[in-house]
Amino acid sequence: MLTIEKLDELGCDTSDGLKRCMDDREFYLSLVPGAFDKKRYEALEKKINEGDLKNAFEDAHALKGVLSNLAITPLFDVINRMTELLRAGEKVDYGPLIAEMWEVQKKFEINL
Amino acid sequence: MDTFFKDVFKFKRRVLVVDDEPVNRRMLEKILSPGYEVLLAGNGDEALNVIKREKKVLSVVLLDLLMPGTDGYEVLEIMQKDGELKKIPVIVLTSDTSAEVKSLKMGAADFIPKPYDVADVILARIEKTIQLFESIKIVNATELDPLTGLYNKEYFMEYARSYDRYYPDRKMDAAAVNINRFHALNEIYGRSFGDELLMMLGRAISDYAGRSDGIACRYDADGYFLYVPSGHDIPDELSKVIADHETDDMRNIHIRVRFGIYPDVDREYDVLRRFDCALLACNSIKGDYKERAAFYDSSMHEREAYSERLMADMEKGLADRQFMVYYQPKFDIQGDEPVLSSAEALVRWDHPALGMISPVQFIPVFEENGMIRRLDRYVWREAARQIAEWKKEFGFTIPVSVNVSRIDLMELSFIDEITGIMEEAGITAGEYLLEVTESAYTEDSDRIIDVVKKLRSLGLKIEMDDFGTGYSSLNMLSSLPIDVLKLDRGFIKNIHRSEKDLKMVELIMDIAEYLDLKVVAEGVENEEQYALLKKAGVHLIQGFYFSRPVPAPEMEKFIKERLLYADDRKA
């Protein structure tokens, strides 16, 4: 189970995330699993692989918003870089970024 | 204003959070719910439904911009195009600086960046936005007339002063615009129609003020002010704009608007005084339906003071019986000698300070403020009482005619009132005559004809007054329910000097004969006129030739003469 301590250990800035949740730890922790929903990352990967960069941008942008609000810093960093490339419509090789995304996502997911 | 907000900011405002991300929605809900009632929407369409449903009570919308389907930009655009939704402040939720600028340009009130600031910052921004919009609404509510959306008088005067400061050398006209007989229209057609009329005129005036680089306000019930640069023909130009805005119903009842213009205002006068002058000009043509516009001149102040005095004194005048009913006899001239036939009741005002006042002076004043209704009823009652009194004293009836206006006929209670007055006096319908002006039949004639038919079915005789001044067509005349035509004095005035006028009277006599109507000539002043009218076959004569209108005791002299005449005939 993800705890505040564990999240901090994994590089999150939970004190920042908690401020937006009126310092209600329970409430904050109830929101956290939503940020690691596997299906959303799968959908993002699929859109990138299909070359649907416009919709991939919307998915990445939405994830970025959630991750930044909850201060899930490591995953936010990856998704933020991806979002900016997608926003610009860059047709680059997203493979390494996707791999990095999954690597970080899994670190959290296994602790859910 | 701060104190105001301290008081009214106590209750929980309603806030809508629109975000497709459940985490973001819940987070904002958590932050806002202690101080606000929070509504949530997960997409643009859902948000628009809530906004439309809650528009009267929604204090702010927190709107995410990037959402699948209808996105935040579209929601913002739809809201900005809607006059009501536009008044609800929108705070956009965004992580992009470029989106912040774009949304502010599109009408957003503020933005909250993502990731969200600490809760206190968010709450402070929301509170500030709500305060700002509520204070704008309060200012708007106090400066605008709620019915027409025009400025109210106080703000208008302030804006006029500002206008002068910006354009100190510009020549300006002050104009007052009024609806003729608005109170009567309100009574006849109902208040909602009256409101529609005021709104229509408000739109037309606002439209015209915009086109002519001027400003406008509604200063009282049916009165508007305009302040526009000189060089416009306001009555003509504004009448055309009004015609474009009128509904068919308004067109059918011939709404008339009158204008008072104070051209090239004197800048030495305060704006209030300038509009007083325009209003004076406007009031100077109250009741004069031939004049659409009047221009201010300094003598108007004296006349206005006189009218004000008459209005102020009317109440006491009625209570003290200063209003006297005079009677002008009508003589039947069909026989060898003229014989008293009936009389017309006419009102005079014996004012304790101003002396005897002619109805020409006070009736238009009373017509405008609605007091005429009470005066009319006073005269009707007095005339009915007099008929009964003479009948009792002399043993026979001298019918008396009273004047009724178009407005009287349109009142639902009119027939009951007339029958009530006759019953109260103890006279029959055949002893009481009603004079209705020809012009009364020209507007909403079906309704008037219907009422007049009912009156005739009760036995009342109807005289058409001022015949020849209105617009009755021959065709219309044949279908009007009347018994007597009263030729307007205009026909009689030159009958002894003008062949054409005489021919006209003869022509009317032919028509009257064909329609089986009696004809009364009024305004007969001399022997020549009398002789010509008798020869033309006119049935009855009324005018100074026989007698001016006289008080009841003097009228009795004519009644006694008729008694003597009858006795002679018997002998």
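Mentor: Let us begin with a definition: a residue is called buried when its relative accessible area is under 20%, exposed when it is over 50%, and partly exposed in between, using a 1.4 Å probe and protein chains only. Please keep in mind that this is a predicted model, in which local features need pLDDT of at least 70, side-chain atom pairs count only at pLDDT 80 or more, and totals for chains, interfaces and linings use all residues. Residues are numbered from 1 along each chain as its sequence is written, chains are lettered from A and ligands numbered from 1 in the order in which they are written, and side-chain values use heavy atoms, with hydrogens and water left out.

Trainee: Does B:Ala345 count as buried or exposed?

Mentor: B:Ala345 counts as buried, because its relative accessibility is 3%. Helices (H or I, at least four residues) and strands (E, at least two) are DSSP runs, numbered from the N terminus, and B:Ala345 belongs to strand β12 of chain B, residues 339–351.

Trainee: Which residues does B:Ala345 touch?

Mentor: Contact means heavy atoms within 4.5 Å. Not counting residues up to four places away in sequence, B:Ala345 touches several residues, including B:Tyr327, B:Val379, B:Ala383 and B:Val402. The C-alpha atoms of B:Ala345 and B:Ala383 are separated by 6.4 Å, although the two residues are 38 residues apart along the chain.

Trainee: In what order do the five strands of the open sheet in chain B run?

Mentor: Strands of a sheet pair through backbone hydrogen bonds, either parallel or antiparallel. Here two strands pair if DSSP finds at least two bridges between them. The order in chain B is β7-β8-β6-β9-β10, with mixed pairing, and the edge strands, each pairing on one side only, are β7 (215–220) and β10 (293–295) of chain B. Strand β9 of chain B, residues 257–262, pairs with β10(B) in the parallel sense over three bridges, and B:Ile261 stands opposite B:Phe295 in β10(B).
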